[in-house]
Amino acid sequence: MSRKMSKQLIKIIISLLLVVISLLLKFDTELYSNILYVIAYIIVGYDIVLKAVRNIFKGKVFDENFLMTVATIGAFCIGEFPEAVAVMLFYQIGELFQSYAVDRSRKSVASLMDIRPDYANVYREDEIERVDPDEVNIGEIILVKPGEKIPLDGIVVDGESMLNTQALTGESVPRKVTVNDEVLSGCINNDGILKIKVSKEFEESTVSKILDLVENASSRKSKSENFISKFAKYYTPIVVIVSVALAVIPPLVIKEALFSDWLYRALSFLVVSCPCALVISIPLSFFGGIGAASKIGVLIKGSNYLEALASAEIVVCDKTGTLTEGVFKVQKIKAIGYSDDELLRYAAYAEGFSNHPISISLKQAYNKEINEKLVTETQEISGKGVLAKVDGKMVLVGNEKIMKEYNIKFQKSEETGTIVYVAINDEFAGTILIADKIKEDSYKAVKLFKNNNVKKVVMLTGDRDNISESVANGLNLDEYHAELLPQDKVSWVEKLMTQKSSGGKLIFVGDGINDAPVLALSDIGVAMGGLGSDAAIEAADVVIMTDEPSKIASSVQISKKTMRIVKQNIVFAIAVKIGVLIFSAFGVSTMWEAVFADVGVSVLTIVNALRVLRIKNTYNNR
């Protein structure tokens with residue numbers, strides 16, 4: 001508990017004790033009881049009265065501080081000392097609940113703030129200097145010791161270690177990094193010593209951008225929050241005027257009507273009219289939803305986007321790097337007359353000199369050191385493949401064209417992906433399938449989208465049609481469109497936007513720089529932050545810090561839960577207030593019912609709003 005909350009609690013306890021003493025001890029005159037009530041009121045309510053006075057001079061007259069001050073001082077004026085203290089006491093209890101709720105919801109985001117690095121150890125003139133991260137230049141070498149945060153994005157040039165990425169991704173499993181691996185600022189170095197070559201200045205680093213997103217998220221209000229702000233702006237002056245009329249007009253018009261009775265009703269009316277429950281609980285619900293999403297590695301740039309996620313009807317995804325891993329790997333080997341290992345060895349040796357993506361995939365799959373002395377007479381046939389003498393055998397590796405050019409009788413493969421044909425000593429030896437693999441998480445993502453009433457899941461990609469069809473069928477997508485240029489993706493998103501209902505939203509998910517235009521065009525743009533480009537993350541409204549598309553579906557669930565809580569609070573608060581306002585006007589309810597309608601409803605709506613924070617456990621364990 002913070003120091004401010006502790007002081008607030010002490011004031012409430014002391015004031016409550018004075019009220020109990022006054023009630024239990026029977027004084028000869030009411031004077032002593034009233035003195036105790038006044039002291040209790042000053043202890044628990046002086047700061048509210050002070051705020052009300054200050055705000056009047058600032059032009060902010062009709063706020064909750066003004067309402068509480070007028071209502072309680074009015075109660076003292078008509079001799080209702082216990083009720084005057086009770087109103088202020090319960091109001092402060094409500095404020096304490098609010099402080100606790102806000103503090104708890106802030107802590108749900110606070111773990112992100114812990115990623116801010118305090119310093120960087122940089123090599124300068126053969127010495128290590130400890131400097132601010134924003135003083136380090138691109139290309140300089142920094143040293144990160146065990147237990148330290150990585151201060152800037154860069155490439156490991158020496159050392160290996162396990163990194164704790166939980167603050168960025170929400171994942172608890174450490175990630176191993178070694179030389180030439182890219183590392184992101186904000187991660188914690190668990191064990192080894194790392195030397196890192198800085199690739200981005202601090203202002204452009206991952207940690208800086210994340211902190212900027214979190215700090216500015218509250219500035220983008222949802223429709224519900226804007227409605228409540230406008231509602232309170234007009235509602236509060238109206239009820240003040242009505243309460244004044246309620247105190248003054250009936251005694252002038254109705255015979256035998258006592259001013260004190262109608263003033264009491266007016267004060268009760270004033271107490272219950274305070275819109276605290278709505279003003280506090282609605283923003284708190286959205287803040288809690290953003291906090292819950294951040295716990296699973298999802299950064300939502302504002303409560304307006306959190307609200308929009310609940311209305312998602314169409315989800316449009318890029319393919320490479322979003323639904324698939326974005327890395328070409330050997331998926332299948334079909335050898336004829338040789339073992340699979342032997343076929344892969346010959347192919348990897350023949351392609352050993354090349355840096356072509358297919359060559360790299362073959363060498364990575366072989367995963368052994370290549371003895372260059374065994375490879376001679378290497379010849380690259382442009383656009384077709386390579387011919388090389390490997391360990392005394394002529395090895396031909398490439399596509400169908402190279403097989404036909406050398407008159408090799410081969411078996412054509414119908415597999416989807418890039419097919420590498422291999423011939424050894426003019427005899428067909430088999431095929432190697434290289435393809436981008438569908439992420440395991442993508443299957444779960446599509447299923448969760450369907451469970452969350454998303455009407456259509458669409459894939460847009462620049463890849464070939466046959467490969468795209470295979471991915472779309474494998475994931476059971478509603479439709480796909482292949483061989484698209486960036487402007488074609490924009491055209492398709494525009495068409496799909498016309499297929500949603502008036503209240504529905506379209507989500508676009510991408511990770512590349514060519515996705516930035518459609519991320520900005522869609523209702524909700526989602527960038528896959530783990531592999532995503534800076535341009536995509538900048539244009540997006542939501543950033544997924546891992547490469548798991550199912551996190552988007554989880555965010556939709558969090559959004560729906562948040563919106564249910566917001567609607568519950570709005571309906572409950574307004575219904576109770578209208579009921580008690582009517583009863584107060586007719587003199588049926590007392591100041592105590594008014595206190596419940598204000599503070600009691602506020603406490604209940606705040607407690608209800610806090611439920612959104614609990615849903616993080618559900619999605620972390622999926």
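The model is predicted, so local features need pLDDT of at least 70 and side-chain atom pairs count only at pLDDT 80 or more, while totals for chains, interfaces and linings use all residues. Residues are numbered from 1 along each chain as its sequence is written, and side-chain values use heavy atoms, with hydrogens and water left out.

**Exercise 1.** Find out how many salt bridges there are, and which residues join Arg124 in a network.

*Solution.* Start with the rule: a salt bridge is a side-chain nitrogen of Lys or Arg within 4 Å of a carboxyl oxygen of Asp or Glu. Applying it gives 17 salt bridges. Next, look at Arg124 and Glu129: their closest N and O atoms are 3.9 Å apart.

**Exercise 2.** Work out which parts of the chain Asp153 and Lys200 tie together.

*Solution.* First, check the contact: the two side chains form a salt bridge at 4.0 Å, N to O. Then place them, using DSSP runs numbered from the N terminus (helices are H or I, at least four residues; strands are E, at least two). Asp153 sits in the loop between β3 (141–144) and β4 (154–158), and Lys200 in the loop between β9 (194–198) and α6 (206–216), so the pair ties together parts 47 residues apart in sequence.

**Exercise 3.** Decide whether Asp391 is buried, partly exposed or exposed.

*Solution.* Take the cut-offs: buried is under 20% relative accessible area, exposed over 50%, and partly exposed in between (1.4 Å probe, protein chains only). Asp391 has 43%, so it is partly exposed. Its salt-bridge partner is Arg345, at 4.0 Å between the closest N and O atoms. Arg345 has 22%, so Arg345 is partly exposed too.
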